[in-house]
Every structure is written in C-alpha cells, then in structure tokens.
Amino acid sequence: AQCAGKQCGPDGCGGQCGACAEGSHCEAGGCVVDPVADCSPTGGVANLRACEEGVVDVTITGATVTYVFDLGYFIQDGTGAVQVFVGDVWPYDAPGLGDVIDLHVTEYGNYKNQQEIMASDPPVKTGDGVVADLKLDISGGVVPDESIESRVIQCTGLEVETLAGTDATVAYGG
C-alpha cells in the first residue's frame, strides 16, 4: 500500500488509505472540509473564503501559522489556507511558525490572482501546532490548483528551474 503522507484516497493496491470525516471529502490525498455556503462571523479559513471580497468582520479560529516572511504570513487549518498580508512595517510582532492563532479579519481580497487577508487585527496565540502535520504530499502527480492555494505541500521528484534565495520555481512533470 502507498499511503505515506496521505489521509485518504486509493492506496495503489485496490484499497483505501483512510476515510474523511462527515462534512469533508478527499482531494489529492488529503481531507478537505466541504465548502461553506455562507460567510459567518466565526469559523475556519473556508468560512472566510465564502465571504465577498472587501470589508469583512470575520474571526478565523484555530489556524496554524505555516510560513512567515517579510510582508506577512500564511495560516492553515482543516478547512484551507490563506496568506495574511501585513506590509513593510508590521504593526505587531510577527507570529511564530507553528503558533495556533485566532485572527480577526477586517478586509479580504485578491492580489496578483491570489485570495488573501488584506487587513486584520493582531493575531491571538491560543496554542502550539505542528506544521509538518499539515503537509499535503503531491508527489503522485497532483497538479497544484486553486483548491490547494496557500497550503503547505511536499513533493519528491522535482526539477528546480530557478532558485532565488529560499524561493524556487519547480517542475515535476505536470
């Protein structure tokens, strides 16, 4: 069976690597929460993605910080992932990698064809998480698309096309 890095889906031997809980489905070997129908004041990343772009009043709860960079950071929970834009001058201390946070979002939008949080209050740390537990293995040929935008991924068999510092453009046959 080939289930390393998979939560669900076929195991390559006619069986399954696992099943997703009710209210979620299998995508690219990972369980993804079914889309949220409407924008609610509190919930996960999927709840925010159900909101209209612009000014919002939404609190994302229990998201893990998966990457921090000079202009912001990424968060991910069991419902999805999103970038938090902060800007050149941070109005608060940067959260740490693996911090579990609640985040009050005040503006949500699109920048360079990527949905992101454009404005928010400082994050409130509520715990510690493990970023590695959130990785989606796309080594099996899963082509990245909007459904996994901003997610933490891992992949083997990559060909590095360009490398600039810690950023790389890669190809892996898809």
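This tour moves from the confidence of the model to its nonpolar core and then to one hairpin.

The model is predicted, so local features are taken at pLDDT of at least 70 and side-chain atom pairs at pLDDT 80 or more, while totals for chains, interfaces and linings use all residues. Residues are numbered from 1 along each chain as its sequence is written, and side-chain values use heavy atoms, without hydrogens or water.

Colour first by pLDDT, the predictor's confidence in each residue, from 0 to 100: the protein averages 86, and 93% of the residues score at least 70.

Next select L48, I60, Y73, I75, V84, L103 and I117, which have the most contacts inside the largest nonpolar core, a group of 19 residues. Such a core is a set of buried Ala, Val, Leu, Ile, Met, Phe, Trp, Tyr and Cys residues joined through side-chain atoms within 4.5 Å, where buried means under 20% relative accessible area with a 1.4 Å probe, protein chains only. Strand 4 (54-69) is among the elements that each supply at least two residues of this core, and strand 4 gives the most, with five.

Strand 12 runs antiparallel to strand 13 (residues 167-171), joined by five bridges, and two strands count as paired if DSSP finds at least two bridges between them. Finish at G165, which takes a positive phi near 65° in this hairpin, where two residues lie between the strands.

Terms used. Buried < 20%, exposed > 50% of the residue type's maximum accessible area, 1.4 Å probe, protein only. Helix = DSSP H or I, 4+ residues; strand = E, 2+ residues; numbered from the N terminus.
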